[in-house]
Amino acid sequence: MSDETLFAQVLDPKNRADPYPLYARMRETPVSRQADGSYLVSTHAALSSLIFDPRLSSEDLPPSRRPATGNPLKDWILNPIRNRVVNAHRPLIFRDPPDHDTLRGFVMKEFTIARVRDAHAKVATLVDALIDKCRGRDTVCLVDDLSYPLPVAVICELLGVPEADERQFHAWATRLATALEPDARHDEAGRREIAATFDAISDYMRRLIREKRRHPADDMLSGLAARGGRGRPVMGDIDLISTAILLLVAGHETTVNLITNGMLTLLRHPDELEKLKADPERAPRVIEEILRYEPPVHFRTRKALGAIAVAGATIPAGSPVVLMLAAGNRDPARFTQPDRFDPERNDNQHFGFGGGLHYCVGAPLARIEAEIALVTLCRRLVAPRLLDDPPPYRPGASLRGPKNLGIAIAGIA
Amino acid sequence: MTEVQRPGIVVVGASLAGLRGAEALRDRGYDGPLTLVGDEPHRPYDRPPLSKHVLAGELPADATALPQLTRLRAQWRLGRPAAALDRERRVLHLADGATLPYEKLLIATGARARTWPGDGADLAGIFTIRTRDDARDLRAALAKTPGRVLVIGAGLIGCEAASCCRDLGLAVTLVDPNPTPLARLLGTAIGATLAERMRGAGVDFRPKTMVRALSGEAGQVRRAHFAGGEVLETDLVIVALGATRDTGWLAAAGLAADAGGLTCDGACRAISIAGEPDSDIYAAGDVARWPNPLYGDRPMTVEHWGNAVDQARHAAANMMAAPSAQQPYRHLPAFWSSQFGLNIKLAGHTAGADALALVQGSRASHRFLAVYGKAGRSIAAVSFDEARWLPAYAEAVAAGARFPPFPDAIDQPRVERLEPGFPAARPPAHRAAPALEASHV
């Protein structure tokens with residue numbers, strides 16, 4: 001009999017710093033039923049099979065107990081995972097094919113190699129500028145000083161948000177991101193604030209889109225807002241706004257964790273930090289191993305549309321399914337010595353960017369941001385030392401990462 | 001002095017199946033003498049790129065060598081085909097007169113391209129695509145910008161060749177006796193989508209058309225004469241009429257071998273004409289016809305890349321195992337093809353399908369996944385640019401799931417039921433010997 005409270009324990013903040021022993025217990029039953037009727041999937045093999053199973057829906061998620069506000073987009077922000085809202089108002093991570101494919105196609109078309117390459121230069125400049133600001137201090141607060149501001153600036157640049165609005169955008173992003181934690185709990189005042197933020201950013205986006213249609217520039221929003229055949233817009237305004245907000249929030253909350261978890265891991269493995277400092281060419285291997293070892297997203301929720309037989313169990317139709325991606329990343333049946341941080345490992349097929357049709361659209365950009373950030377931090381922070389281990393964590397169990405990471409330094413190189 | 005001590009294991013056929021089989025023997029601890037016999041002068045090479053990247057000029061024909069995954073410590077007898085097998089004396093005769101004694105034999109001689117059986121076969125400008133040298137010669141001819149290419153036969157190779165020719169900007173006519181391309185493999189319902197696609201790419205596809213003869217001037221092919229009387233001007237003809245199994249050298253061996261393959265038991269052991277398995281002779285790859293438990297022990301040959309690898313490894317394992325420990329070979333046939341910008345994949349065996357359901361995507365978008373049914377069971381699944389779901393469907397097919405396998409899946413409000421439309425009888429088109437296509441016996 002498997003433990004029906006394992007998922008509740010994962011959500012419990014006291015297990016935030018080290019959920020991995022719980023994941024090991026989970027994998028003893030690759031597909032295990034929880035007390036609330038949901039199913040946890042935790043082995044690499046079962047996850048690999050399910051992410052390509054057409055019976056798992058991202059759309060038809062279990063209903064929320066919270067009252068709807070009447071505005072579907074607002075509902076999505078307030079009840080990100082659980083709310084059932086009208087199809088046409090949902091961002092593509094909560095859509096199934098064929099709509100998902102159509103929307104994703106538009107985004108992919110705008111996520112060009114040239115844009116990602118341009119972002120590279122921008123990231124390098126930004127990282128140096130952010131680190132320069134820490135001069136004269138003996139402590140770096142990594143999240144506030146670098147991990148957080150970097151991705152917002154990059155996504156603003158990519159979308160084409162005018163520089164003058166970046167500060168405002170940053171504030172909105174922060175508030176929306178808190179709302180997006182899958183297990184976030186908000187009091188009435190908090191929810192009102194988030195709703196107001198949402199209205200503000202939606203209005204802003206609507207105006208910006210109109211502006212981009214009038215004066216297109218070389219940015220993603222201009223591309224997405226462009227008119228296609230017969231003069232009709234490629235995407236409707238509501239899809240455009242939800243996509244833009246998704247790119248902002250998803251692209252940014254996850255990258256924060258990737259950079260912070262990465263630096264935390266390197267500080268815990270000083271030999272690896274030194275190796276990366278001596279040989280920046282190692283960065284791609286280091287990043288892939290961080291994505292496996294301390295991934296930015298630990299689980300995603302789906303719903304089984306039909307009964308699915310997997311790993312010796314049957315998930316009944318209609319059940320919520322929790323894909324425990326981070327547990328699959330530590331599966332000893334797939335990775336030798338999975339609890340060892342080892343950038344040398346080969347065949348590192350992790351779920352750090354998810355998998356299947358919802359595989360992270362921004363993966364190439366995230367890799368660049370993390371690579372430049374970590375390499376530059378290793379090069380420029382003199383004698384870095386972790387102040388708190390474990391550091392304090394943000395509430396999220398899925399989008400999991402330190403609230404802040406205090407690093408004592410002897411200077412900036 | 002090569003014939004020392006014991007004769008050891010001889011692998012006949014030095015292509016994908018022969019190589020992977022030999023490697024598997026070493027991986028499983030076989031330490032004795034190992035000899036590989038091949039009729040081509042080349043070390044093992046990969047065939048899938050020949051009808052794709054090599055024709056397109058993206059890859060030289062001689063850059064297709066297969067990587068060796070294990071140190072083989074083998075004797076290579078290349079450029080010398082096997083000529084005869086004497087099971088009584090346990091000796092293999094090679095075409096150059098040499099003899100090779102063996103303790104055990106792994107037969108992986110594969111198949112050879114069926115050549116043009118009609119008039120005009122000796123003209124220059126007529127090509128097949130099977131070997132590395134075929135592809136090299138055809139590539140050289142295509143690079144000279146022929147006026148119009150005629151491809152005879154719209155099977156996998158014919159379609160891929162037509163696709164490459166269009167990519168090269170060449171005028172292409174593709175003829176086939178069936179109403180659509182890939183009709184025998186995928187049925188006409190799916191084939192119709194491909195026909196639409198290739199016409200959109202500028203191929204002059206002529207269905208229900210047979211070529212009666214080829215004729216030329218000064219030894220060079222110039223015209224194709226269709227059965228309907230029409231004459232097509234062409235100066236390059238690609239004959240893509242499938243393959244015959246390379247079993248001629250086994251004629252006097254007393255084994256159940258014919259142009260359709262060498263018959264084996266479930267453990268991949270060759271069957272004698274008396275119906276007994278020879279416990280020292282195994283077969284794998286294109287040449288092996290074995291009862292596949294996944295399809296009710298129906299004897300089948302599977303001419304696809306994945307089978308060559310899997311069956312060779314399986315046969316090698318059985319060669320190394322005690323008779324009581326030998327395992328039957330179960331295999332879900334599968335292939336992939338790239339043509340006209342599409343990624344086409346099939347998992348399963350479509351023969352005998354009586355139903356077809358489009359379960360993901362749509363034909364209009366040329367992006368879909370369809371499942372074939374037979375007597376209420378799912379027997380195969382095909383994807384056009386929609387390979388992501390294929391593993392789930394392949395698993396259902398292997399498990400003998402009902403048809404269609406998942407009534408509850410995303411993107412299914414538009415499930416479309418179709419007649420698969422497999423041609424009833426094999427038309428007597430451009431063929432001399434009984435025709436046998438990939439995966440069909």
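Start at the interface of domain 1 and domain 2 of chain B, where nine residue pairs are in polar contact, both partners at pLDDT 80 or more. Keep in mind that this is a predicted model.

**Elements on the domain 1 side.** Select α2 (53–56) and β8 (111–113) of chain B. These are the elements that give two or more residues to the side of domain 1 that touches domain 2. α2(B) gives the most to that side, with three residues. Now colour this side of domain 1 by class: seven residues are nonpolar, five polar and six charged.

**Salt bridges.** Stay at the interface of domain 1 and domain 2 of chain B, where there are two salt bridges. Next, select Arg130(B) and Asp286(B). Their side chains meet in a salt bridge, 2.8 Å from N to O.

**The whole chain.** Zoom out and colour chain B by domain. Domain 1 covers 9–112 + 244–325, domain 2 covers 115–241, and domain 3 covers 341–418. The contact between domain 1 and domain 2 of chain B takes 18 residues from domain 1 and 16 residues from domain 2.

**Buried surface.** Show the surface between domain 1 and domain 2 of chain B. Together they bury about 1500 Å², with 61% of it on carbon and sulfur atoms. Which residues of domain 1 of chain B lose the most area to domain 2? Select His42(B), Ser51(B) and Leu55(B): these three together account for 37% of what the domain 1 side buries.

Terms used
Residues are numbered from 1 along each chain as its sequence is written. Chains are lettered from A and ligands numbered from 1 in the order in which they are written. This is a predicted model: local features need pLDDT of at least 70, side-chain atom pairs count only at pLDDT 80 or more; totals for chains, interfaces and linings use all residues. Side-chain values use heavy atoms; hydrogens and water are left out. Domain bounds come from an automatic or database domain assignment. Contact means heavy atoms within 4.5 Å. Buried area is the accessible area (1.4 Å probe) that two parts lose on being put together, summed over both. A salt bridge is a side-chain nitrogen of Lys or Arg within 4 Å of a carboxyl oxygen of Asp or Glu. A polar contact is a pair of N or O atoms within 3.5 Å; within protein, one must be able to donate a hydrogen and the other to accept it, and residues adjacent in sequence count only if both atoms are side-chain atoms. Helices (H or I, at least four residues) and strands (E, at least two) are DSSP runs, numbered from the N terminus. Ala, Val, Leu, Ile, Met, Phe, Trp, Tyr, Cys and Pro count as nonpolar, Asp, Glu, Lys and Arg as charged, and the others, Gly among them, as polar.
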